[in-house]
Amino acid sequence: MSREAEQAVLAACVMSPIARTTVKARITGKDFDSPLHEEIWNAVCLLERHGKGVDWVTVNEVLAGRPQVLAILPELVTATAFPEQAADYADIVRDRAILRRLRAEAIQLGQYIDKPGASGNGLAH
């Protein structure tokens, strides 16, 4: 579901400046699970920061020279997205990002606990 939500966020943001404003208040590039989606998000934000129009042509231009990213643009162009639902898509992306971060922290904690001589001092109250 994260992949579809990420695609929907990107598609909605390319279609609507209002969607971009809404989404930027909820997520950052680091919230995307796909590094390619993060690059596309960063391109969208770069265009907007420089006062340029944001559409698939201008995003494509910013990403020129990045064949891996350019290869997925056609998929995003046809993604089903509704700009008025951008907040919902962004919330899904953010929630999945939080879960990924929690999982990573839990794994690190488990690795720490499994080390010989590990101490629980300061870890739990």
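Predicted model: local features only at pLDDT ≥ 70, side-chain atom pairs only at ≥ 80, totals over all residues.

Trainee: Which residues of H1 are buried?
Mentor: Ser2, Ala5, Glu6, Gln7, Ala8, Val9, Leu10, Ala11, Ala12, Cys13 and Val14. Note that Glu6 and Gln7 are on that list.

Trainee: What covers the buried residues of H1?
Mentor: The cover includes H2, H3, H4, H5 and helix H6, which runs over 86-114.

Trainee: Let's move to H3. How many residues does H3 have, and how far does it reach?
Mentor: H3 covers residues 35-49, so to speak 15 residues. From first C-alpha to last, H3 reaches 21 Å, close to the 21 Å expected at 1.5 Å a residue.

Trainee: Which residues are buried in H3?
Mentor: Leu36, His37, Glu38, Ile40, Trp41, Ala43, Val44, Cys45 and Leu47.

Trainee: And what do the buried residues of H3 pack against?
Mentor: Four helices are listed: H1 (2-15), H2 (17-24), H4 (56-62) and H5 (67-77).

Trainee: What follows H3?
Mentor: Gly51, with a positive phi near 70°.

Trainee: Zooming out. How many helices and strands does the protein have?
Mentor: Six helices and zero strands. Along the sequence the pattern reads α-α-α-α-α-α.

Trainee: What about overall dimensions? What is the radius of gyration?
Mentor: The protein has 18 Å, whereas a compact globule of 125 residues would have one near 14 Å. Along the principal axes, the C-alpha atoms fill a box of roughly 55 × 30 × 25 Å.

Trainee: How much of the protein is buried?
Mentor: Buried residues are 35% of the 125.

Trainee: And the contacts? What share comes from residues 24 or more positions apart?
Mentor: 64%, counting contacts with a separation of 6 or more.

Trainee: Surface next. What does the accessible surface come to?
Mentor: About 7700 Å². Carbon and sulfur atoms hold 57% of that surface.

Trainee: Last one, charges. How many positive and negative side chains are there?
Mentor: The protein has 14 positive and 16 negative side chains. The centres of the two sets lie 4 Å apart.

Notes:
Residues numbered from 1 in each chain as written. Heavy atoms only, no water. Helix = DSSP H or I, 4+ residues; strand = E, 2+ residues; numbered from the N terminus. Rg over C-alpha atoms; globule rule 2.2 N^0.38 Å. Buried < 20%, exposed > 50% of the residue type's maximum accessible area, 1.4 Å probe, protein only. Contact = heavy atoms within 4.5 Å. Areas by Shrake-Rupley, 256 points an atom, 1.4 Å probe, with all protein chains shown as cover. Lys, Arg positive; Asp, Glu negative; His and termini not counted. Charge placed at Lys NZ, Arg CZ, Asp CG, Glu CD. Expected span 1.5 Å × (residues − 1).
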